[in-house]
Each structure stands twice: as C-alpha cells, then as structure tokens.
Amino acid sequence: MSDSRPRDVQIAEIGVDTQILRSRTWDRLKFEIEYARQKGTTANSYLIQAEHSALIDPPGSSFTDIFIHELHQHQYFQKLDYVMLSHVNQNRLETLKKLLELAPQVTIVCSKPAANALKAAFVDRPLQVQVVRDGDTLDLGKGHALQFAFVPTPRWVDELCVFDPATQILYTDKFFGSHVCDDSIFDDHWKQLDEDRRYYFDCLYAAQSKQVEAAIAQLSKFPASMYAVGHGSIVRYSLSRLTLDYRDWCNEQKNQERSVALLYASAYGNTATVAQAIAKGLTASEITVESINCEFADPADITAVVERCDGFIIGTPTLAGHAPTQIQTALGLVLSNASKMKVAGVFGSYGWSGEAIDLVENRLQDAGYAFGFDTIRVKFTPTEEVLQQSEKAGVEFAQMLRKTQKVREPRPFLTETSDRTEQALGRVVGSLCVVTVKHGDRMTGFLTSWISQATFNPPGVTVAIAKSRTEGWLDHIGDSFVLNVLREDRQLRRAFMKPVELGHDRFADLEIEFAANGCPILLDGLAYLECTVQNRMECGDHWLLYAEVANGKVLAAKAVTAVLHRKSGTSY
C-alpha cells in the first residue's frame, strides 16, 4: 500500500565527504510497468564534497523544485564543479536546466552517447561537457579519484557507473535497484526486498540479460563495499547475495527453450517504454528476450540474433513520416534472414502520423509472416492502459510461439503394438472450422476439420459431418450454412466443444452477425464462406456434403488458419 505522505528529499551521510539525497514519492510515480507494485520509489542523487564537488544523477522533473531547494541547503551552487550523469533522458533534463541556471560554471561529466543526447537537447546553449570513457579517472581531491566504467545496455546505451576508492562506493545507477519508498537508507531489511528486486530486474533487465552479465563482469573489478543505486535503498548488507542473484537471473533467461528478438529504435523514449512492457509479458511467459536498440547495433549482431531466434518483434517511431534508417536496415535484415516460419510482431509510437508502423507491418505481412499479436500503435506517450495491453501482447506472442512450434514438432514413432492404419489416418489434417446453421429462431454450430475445396467453377467445398451431430440440420439439398474458418490465436473452438445444455444459447457470448443466407458469421474467425448444399452422400457414420459457395470474406488477413492435428484416425 502506498503512503499518503507528500514528496520530500531525505538526506544522509553515507561515507567520507559523501551524502545521499533521496527524492521520495510514496505513490506510484509513473505508469511504466516497473512501478506496478505501487510501493512508491526514490530517485537517488549523490553529493561528493572534496576539494572539488560533484553531484551525481540529479532527479527527474517530478522532483525538480524540492530537490533544488534541499540541495541549496547543503551546497553553494557557485562552488559546484561537476554534475555527473549516469544516463540522459528527457525527464532529467528539466532539473539539469534549472541547475545550469543556478550554477552555469559546472562541467557535465558523461559518456559520449550521453553527450550527443545533451547536444541535441541544448541546441541554443553551449555546455561545458567532459566526455569520459571506460577506465578514465577524475580526481576530486582527498583521495576521491573517481573511476568510470562504461556499461551500455539496449535501453540505456549511455550508461556510466562510477567508483570512488576513498569510500569504496560504486555508483550503479539503474543496476541493483528497486522501486520501494521507505525510511531505510541502507538495505538492513534486504530479505523483505527479495520480491521487489526480482520484479525490478524482470521489468528492466530480463530482456537485456546478455548485456547485464557483461556489465556485472566489468563492475566486479572494483572492490566495492556498497552499491549506491539509482532507486531504493543502498545495497550494503546484501551486496554479494544480490550480485549472485543477478547472475542467476541472467542464466535463467539464457536457459529458456524459446527466444524472441526485440528490435527497436526510440526517438523520445516512448517506443522503448512499450518495448519494456512487451518484454515483461514475454519473460513472464518463460521466453528469452534479446533486446536490440537498432540505433546502436551492428548489422551483423542483428542478423545473428534474427537467425537464431524463434520469433521477432519490431518497434519503430515515425519521424517525418518515415521509419528511422536503422529500423529500415533492421527490417531488410529480417526479410533476408528470418525464416517465414518465425512468428512476427510490430509496435510503435508516433506524434501526428504512423506511417512507419504501417510500413513495417505491411512488409512483414506481404512476406507471409504470421503475427503473434495485433499491431500496437501508440500516439505520443503510452498510457497505463496501453502498457497493460502491451504486456498482454507479450503473453499472447508467447502463446502463439508455443502453438506454432508444437505444430512443427515431429510426432512420436509408432510402437510395435499400435494400429498403424489408425495412426497413419490420423496424420491427415484439415482446417478447423465451425459450421453454423439457422432454422427459424433456432441456431446451432458444430466443429469440423474434415473440409476440402471440391470445385473451382462454381466454387465449392465438401464437408464431412457426423450423423449424430447433425440430425435435423442440413438434411436437404438447398439448405444453407456458413463455414467459419477459425484462427490459431483465438479460442472460439471452446464454445463448440461441449454439448449444449437445455436453454443455453451457444452464441450468447460470441460476437456474430448474419450472412445474406441468414446463418451466423463468427466475427472472431479468420474467414467465412456462405454455402448452399447441392448434394449429400451417406458415408458410414458421416454425411458428406457438397456445397456451392455464394460469398465469402477474410476477416483477419494477418492471422493463421487453425489446424487440427490428431494422433489417431478413430477420433477427432
């Protein structure tokens, strides 16, 4: 449960010449999936006051005013030498602008990708920026010779961590955090944080486990006694345990049976936010996700991931009516290297138009890929509802992936005692359909997969239907029905698998409309055909109907036809 206390800034001494400024909110800060546990959060900033002073990671715009006020009580702005940014985002820029107004002399210390982002954000204002690379140092005096580690991930391509040998504090920014707001500066209650830390990892890093492993290996060279995290309590008492947990969680992601390549670019962070929500749904469904930010990825890396994955999802913003060049390159690599048996997905954000999303969707659709969820289009910033839908889309994609792979799995070999004829007959497959009929006020529908096109001109089909299921229906030449072809990613079949109870309307919970011949059309199906019986043949325990098709329509062009696979020819 969230607290009703107002937002504030908690300050404490955590080491020699070093303070933490915890900008706290007791309510859910944003709609992003990572905040869904609704325990509030802290945006942690750090102030080192040696011979030179440095502020590490000012908070986002939600805390700008209260943070500036509190910082002023502990630091003369005129004597602030450095502002260090572990990463740059739009939310942090407002606070940075206020700081620069009060302390125009400061030098901003950041990675090269972050410097490029700042240059684009401050077009009309020259900045004093010091770009640091992996292994560089910055001496603040009194032993505070800060060491830098460049640890980029697809979501935070500019990520920079800082180690202070004077205090043995490793400033880890996003790594090892949690979204919990409380009064504890340190993690003396770490056992209570297990679920929150795992949820935080799953939301932010499960889809980037490869890069996280590399980052942990790189950070392990520092003899850190505590992790000064960007969110939550400082990791002091559970440092070894949490580091081991991160390694274990990364291994779990690598060991899943199925993997999905999540390729995206994000101009303002909105597409990346949706990508994070989709990834959460996938990882929760035990799918390994390999996230690739196409703006910073090598084409060879994209090709390798696309070739080895079981499915792929592409996310794109729309810039001036087009997809970014990097997305167009990635799309070309996918079309050239990804098997048509892989499941695909498309999402994106836009401001005034969404042509880039349509471009990617149409190219993949024309190439014949099956889609794991309906394309997600987000105008401006994604809402809480959109992010929930995106997470659900990740779950749907995982289900689709399992179904398509199950279809491709070879059946077990026949045993010595099995009836080979029945087993062989069971290998004959057909499209799963529902035949719907209406006589007066009565309607019925029954499943069948024994369907075949019979004639070109006139267009016609044959349908085999069990005698026990059709008594009183389709008994005469001239009777009408609708053949509803089902789609793989819907569960319409369930409504027609059980016997109808007396007084129960099988169609009550289904979305239908009526065809010209008066019979129901299942709108959640893949396609439908309006048919009239032209001939009937009694064939053992079934009737074989030949019907001419008068009209038809595809309802879901991107969906895949549901197919019934059997193990025996003696049952459905």
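This is a predicted model: local features need pLDDT of at least 70, side-chain atom pairs count only at pLDDT 80 or more; totals for chains, interfaces and linings use all residues.
**Entry 1: helix pairs**

I started with helix H5 (residues 209-219) and helix H6 (residues 239-254), which pack at an angle of about 150 degrees with their axes 9 Å apart. That makes H5 roughly antiparallel to H6. I noted the cut-offs for these words: under 35 degrees is roughly parallel, over 145 roughly antiparallel, 65 to 115 roughly perpendicular, and the rest oblique. The axes are lines fitted to C-alpha atoms, for helices over the stretch in contact, and the angles run from 0 to 180 degrees between N-to-C directions. Helices (H or I, at least four residues) and strands (E, at least two) are DSSP runs, numbered from the N terminus.

Residues are numbered from 1 along each chain as its sequence is written, and side-chain values use heavy atoms, with hydrogens and water left out.

Back to H5 and H6: their crossing is left-handed. Left-handed means that the near helix is turned anticlockwise from the far one by less than a right angle, and right-handed means clockwise.

Next I looked up helix H8 (residues 299-308) and helix H9 (residues 325-337), whose axes come within 10 Å and cross at roughly 40 degrees. That angle makes H8 oblique to H9. The crossing of H8 and H9 is right-handed.

**Entry 2: two open sheets**

I traced an open sheet of seven strands in the order S1-S2-S3-S4-S5-S6-S7, and its pairing is mixed. Two strands pair if DSSP finds at least two bridges between them. Strand S1 (8-15) and strand S7 (129-131) are at the edges with a single partner strand each, so one side of each has no neighbour in the sheet. On average, neighbouring strands in this sheet are turned by 25 degrees against each other, direction ignored.

Inside that sheet I checked strand S2 (residues 18-25) and strand S3 (residues 41-49), which run antiparallel and are joined by eight bridges. Arg22 stands opposite Asn44 in S3.

Then I found an open sheet of five strands, ordered S8-S9-S10-S11-S12, again with mixed pairing. Its edge strands are strand S8 (137-139) and strand S12 (226-229), each pairing on one side only. Here I zoomed in on strand S10 (residues 160-164) and strand S11 (residues 169-173), an antiparallel pair with three bridges. Phe163 sits opposite Leu170 in S11.

**Entry 3: around S28**

Which strands did I find paired with S28? Strand S23 (residues 460-466) pairs with strand S28 (residues 542-554) in the antiparallel sense over seven bridges. Strand S27 (residues 527-539) is also antiparallel to S28, and twelve bridges join them.

The peptide bond from Asn457 to Pro458 is cis, with omega near -5 degrees. I placed Pro458 in the loop between strand S22 (451-455) and S23.

Asp57 isn't a glycine, yet it has a positive phi of about 60 degrees. I found Asp57 in the loop between strand S4 (53-56) and helix H1 (64-72).

**Entry 4: cavities**

How many cavities of 30 Å³ or more does the structure hold? I noted three. On a 1 Å grid over the protein atoms alone, a cavity is a set of points where a 1.4 Å probe fits but cannot get out, and lining residues have an atom within 4 Å of a point. Grid points are joined across faces, edges and corners, and a volume is the space filled by probe spheres set on the points.

The largest cavity has a volume of about 100 Å³. Of the 14 residues that line it, the closest to its centre are Arg155, Ala207, Gln208, Gln276 and Ser291. H7 gives the most to this lining, with four residues.

The second largest cavity has a volume of about 50 Å³. Among the residues lining the second largest cavity I listed Glu34, Arg37, His179, Asp196 and Tyr200.

Note on methods
On a 1 Å grid over the protein atoms alone, a cavity is a set of points where a 1.4 Å probe fits but cannot get out, and a pocket is an open set with protein on both sides within 12 Å along at least five of seven lines; lining residues have an atom within 4 Å of a point.
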